[in-house]
Structure formats: C-alpha cells, structure tokens
Amino acid sequence: MTIRPKYFTPNEVSIHNTAKDLWVSFLGKVYDLTPYIEAHSGDPLLKPIIDAAGQDISHWFDPKTKDIKKFVDPITGCLLYFAQHGRFSNVPPRCPSSDWANDFGIPWWKDEKYCIGVLSKKTRFIKIINALTLQNQIIEVCSEETMKEILNRYLKYNAHAESYTWKYDCNVLDMDKTLTENGIVDDDPDFYTLRMRDDQYLQSVILYYNDDLTEA
C-alpha cells in the first residue's frame with residue numbers, strides 16, 4: 001500500500017522561520033531542519049541556513065543532480081560547490097584545510113530523515129460554508145490534497161466536520177478525490193486574466209449536518 005505524502009503550502013513553510021523552528025523547501029520537498037540546527041548549535045556555518053529559514057532554497061541546487069550547484073574555480077580549476085550566500089554546513093572549503101572533517105556521512109540536503117512532506121505545486125483558496133450554523137471559513141489548500149485531507153485542515157474550525165456531508169453544486173463530494181477530480185475547477189487563471197479578485201468569487205463547499213455527531 002502506497003503511503004500518500006503530506007502536502008504543505010509555501011505559507012505553512014514560511015512560519016517556521018527561526019533557528020529553533022526551522023523549515024525550508026527545495027526541489028519540491030519540505031524539510032524540517034530544526035533537529036539538525038540543534039545538533040550543531042554554535043557552528044558558524046549554520047548562518048546561511050538560518051538566514052533562509054522558512055524559504056524555498058531550490059535556487060541553491062542543480063535540479064538534474066539534486067545536489068548543490070557547482071562551478072569551476074578559475075584559479076585552481078577545481079569543481080567546487082557554489083555557495084552564493086556563503087559557505088554553509090557540509091560544504092567543503094575552497095582550499096585544503098586541517099579543520100575540515102568529512103566524516104559526517106550524508107550531507108543534510110540528501111538526508112531524507114529531515115524530509116517531512118511535499119511542497120504544493122499549486123495552492124488555492126476555497127470557502128467552506130456550514131449550512132447548519134451559516135458560518136463560513138476561507139482556507140488555503142493544496143491542489144493535490146483529497147477532500148479528506150482538506151477536511152483535516154478544516155477540523156480546527158469545526159471539530160465535528162466528519163459529521164457533515166460535504167457537497168458542491170448539490171452533489172456529494174468523493175472524499176478520496178481532489179477538488180478538481182470532484183469537478184471544482186480552479187478559476188485562478190481566469191481571475192488573473194480578467195484582473196478580478198478571486199476572494200470575492202471563491203468556489204464554495206457546503207456542509208450539511210448528518211444529525212449523528214462524531215466524537216471529536
């Protein structure tokens with residue numbers, strides 16, 4: 001059985017932007033580097049990583065090799081890592097150095113234990129309306145997420161969301177399918193072309209109470 005990855009929006013990554021809570025994204029994946037920063041606390045080579053906390057750093061990498069970009073040093077003719085924001089942890093010095101230890105094993109950017117999920121290729125906002133209470137909530141979701149995963153995002157607003165039938169255009173939604181697979185088209189390209197504010201015309205999902213409250 002294939003385990004679905006957890007999807008994150010860029011906004012979710014961006015709030016983890018301190019040395020004590022540090023996420024980054026690169027090459028389509030999201031990494032929690034907090035334990036790495038803690039394990040190497042005090043290392044000055046962590047500075048470029050800490051400065052990039054909460055950001056996408058795909059521009060550090062060669063998408064073909066999935067390694068840090070490299071260049072040929074014009075003086076030595078050696079192939080070196082291109083650390084455009086300054087040398088950082090696990091990147092060797094440009095010249096031989098007695099204090100360089102390469103016994104760390106896998107460099108942090110290749111260590112999958114720090115990978116916590118996938119960065120969404122496209123996010124979208126939807127409005128969820130509770131037909132029982134008439135409350136509505138606009139939430140940002142990942143286009144790759146199923147309705148069940150969107151429901152999990154919505155639980156913080158309604159702990160009993162599973163006790164409702166989710167509908168769009170009077171049709172019951174398949175909770176194992178995405179918004180698009182359920183016929184809820186992403187209108188963002190049209191809004192952009194027409195220069196309209198999409199938050200005024202969001203697609204709305206209606207929740208109908210089933211009268212059998214599920215335990216939260």
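Reply: Buried here means under 20% relative accessible area, exposed means over 50%, and partly exposed lies in between. Note that this is a predicted model.

Me: Fine. Glutamate 145 and arginine 153: buried or exposed?
Reply: Glutamate 145 is buried, and arginine 153 is buried as well.

Me: What do glutamate 145 and arginine 153 form, and how far apart are the closest N and O atoms?
Reply: They form a salt bridge, with 2.9 Å between the closest N and O atoms. Both residues also belong to a salt-bridge network that includes Glu12.

Me: How many salt bridges does the structure hold?
Reply: There are 11. One of them joins glutamate 149 to arginine 4, again with closest N and O atoms 2.9 Å apart.

Me: Where do glutamate 149 and arginine 4 sit in the chain?
Reply: Glutamate 149 is in helix H4, residues 147-154, while arginine 4 lies in the segment before strand E1 (7-8). The two are 145 residues apart, so this pair links distant parts of the chain. Arginine 4 is partly exposed, at 41% relative accessible area.

Me: Which salt bridge does aspartate 67 make?
Reply: Its side chain meets that of lysine 110, at 3.8 Å from N to O. Aspartate 67 is in strand E6 (residues 67-68), and lysine 110 is in the loop between strand E8 (79-81) and strand E9 (115-119). This pair also connects distant parts of the chain, 43 residues apart.

Me: Aspartate 67: buried or exposed?
Reply: Aspartate 67 counts as buried because its relative accessible area is 7%, under the 20% cut-off. Lysine 110 has 42% and is therefore partly exposed.

Me: Switching to packing. Which residues touch the most other members of the largest nonpolar core?
Reply: Phe26, Leu33, Ile49, Ile57, Phe88, Trp108 and Trp109, in a core of 20 residues. Strand E3 (21-26) and helix H2 (34-39) each supply at least two of its residues. E3 gives the most, with 3 residues.

Me: What is leucine 33 in contact with, neighbours within four places in sequence aside?
Reply: Leu22, Val24, Ile49, Trp108 and Tyr114.

Me: And which residues does the second core include?
Reply: That core is separate and has 17 residues, among them Ile139, Met147, Ala161 and Leu179.

Definitions and conventions: Residues numbered from 1 in each chain as written. Predicted model: local features only at pLDDT ≥ 70, side-chain atom pairs only at ≥ 80, totals over all residues. Heavy atoms only, no water. Core = buried A, V, L, I, M, F, W, Y, C linked by side-chain atoms within 4.5 Å. Buried < 20%, exposed > 50% of the residue type's maximum accessible area, 1.4 Å probe, protein only. Helix = DSSP H or I, 4+ residues; strand = E, 2+ residues; numbered from the N terminus. Contact = heavy atoms within 4.5 Å. Salt bridge = Lys/Arg side-chain N within 4 Å of Asp/Glu carboxyl O.
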